[in-house]
Amino acid sequence: MLITDSFIFYQIPRTGGNKFVQLSQENIDKKIQFYHNIDSPNRFSWDTSFTEIDVTLYDYVIGFRKLPQWIMSHNISQHYEQFTSQNADIKKWKDIKDKTVNGLITNNGTDWVTVDSVYQDKFDIILDDLRKVTIIRQEHLLEDFSSLLNKYYKPNDKPILNPKKKNETPLVPRFLLSEKDIKEIYRVNPKWKELEKYIYGS
């Protein structure tokens, strides 16, 4: 979790959070604090039970992404070796694909659950008071980040450059989602669907 003097950024993994942090460090001339999940120091925590700060005094900024692309990215990242190893278990690869097209993700790399069941509390934060929430769409990250700067800080006339990419990871197989698959993914995750419709308008 990233905290500036104006807002708190909560990261949903695979929504461009690392790029958002890099852009913040390069463009926000304010002290930035980080609170990390103890069990996973490289990920930002959703824990709001801090004694040092009153999170209710801040606006929220949350990364987001359309569900079919997000769920595919999430499951591939969780089972990366199954997609890159020459000795990958084809049966397991197929199982991952089947679970994905049924709208499920692995929770901590083991149990398969719906996306909504994992992120329900995060969505409630967003929907509880939409006036306090700014959404950063992964598909429009630079545009949305620029709008964020203009909202909380002085207008930024200089263009925001795309952060330098780290070493590219090898391309891995992607699923081809049919229209039927996409409908099923949304059907079992109505909360994400509702929020996505609000954010993207369709």
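This is a predicted model: local features need pLDDT of at least 70, side-chain atom pairs count only at pLDDT 80 or more; totals for chains, interfaces and linings use all residues.
Axes here are lines fitted to C-alpha atoms, for helices over the stretch in contact, and the angle between two of them runs from 0 to 180 degrees between N-to-C directions.

Select residues 67-78, which form helix α2, together with residues 179-187, which form helix α7; their axes come within 10 Å and cross at roughly 85 degrees. Because angles of 65 to 115 degrees count as roughly perpendicular, α2 is described as roughly perpendicular to α7. Show the side chains next: on α2 the contact is made by Leu67, Pro68 and Ile71, and on α7 by Ile182, Ile185 and Tyr186. Coloured by residue class, the residues of this contact divide into six nonpolar, no polar and no charged.

Move on to helix α6, residues 141-152, whose 12 residues reach 17 Å from the first C-alpha to the last, close to the 16 Å expected at 1.5 Å a residue. Within α6, select Leu141, Asp144, Phe145, Leu148, Leu149 and Tyr152, which are its buried residues. They lie on the same side of α6, because the arc they cover around the axis is only 145 degrees.

Finish at tryptophan 93, which is placed in helix α4, residues 90-101. Its relative accessibility is 22%, so tryptophan 93 counts as partly exposed.

Methods: Residues are numbered from 1 along each chain as its sequence is written. Side-chain values use heavy atoms; hydrogens and water are left out. Helices (H or I, at least four residues) and strands (E, at least two) are DSSP runs, numbered from the N terminus. Angles under 35 degrees count as roughly parallel, over 145 as roughly antiparallel, 65 to 115 as roughly perpendicular and the rest as oblique. Contact means heavy atoms within 4.5 Å. Ala, Val, Leu, Ile, Met, Phe, Trp, Tyr, Cys and Pro count as nonpolar, Asp, Glu, Lys and Arg as charged, and the others, Gly among them, as polar. Buried means under 20% relative accessible area, exposed over 50%, partly exposed in between (1.4 Å probe, protein chains only). The expected span of a helix is 1.5 Å times one less than its number of residues. The arc is that of the directions from the helix axis to the C-beta atoms.
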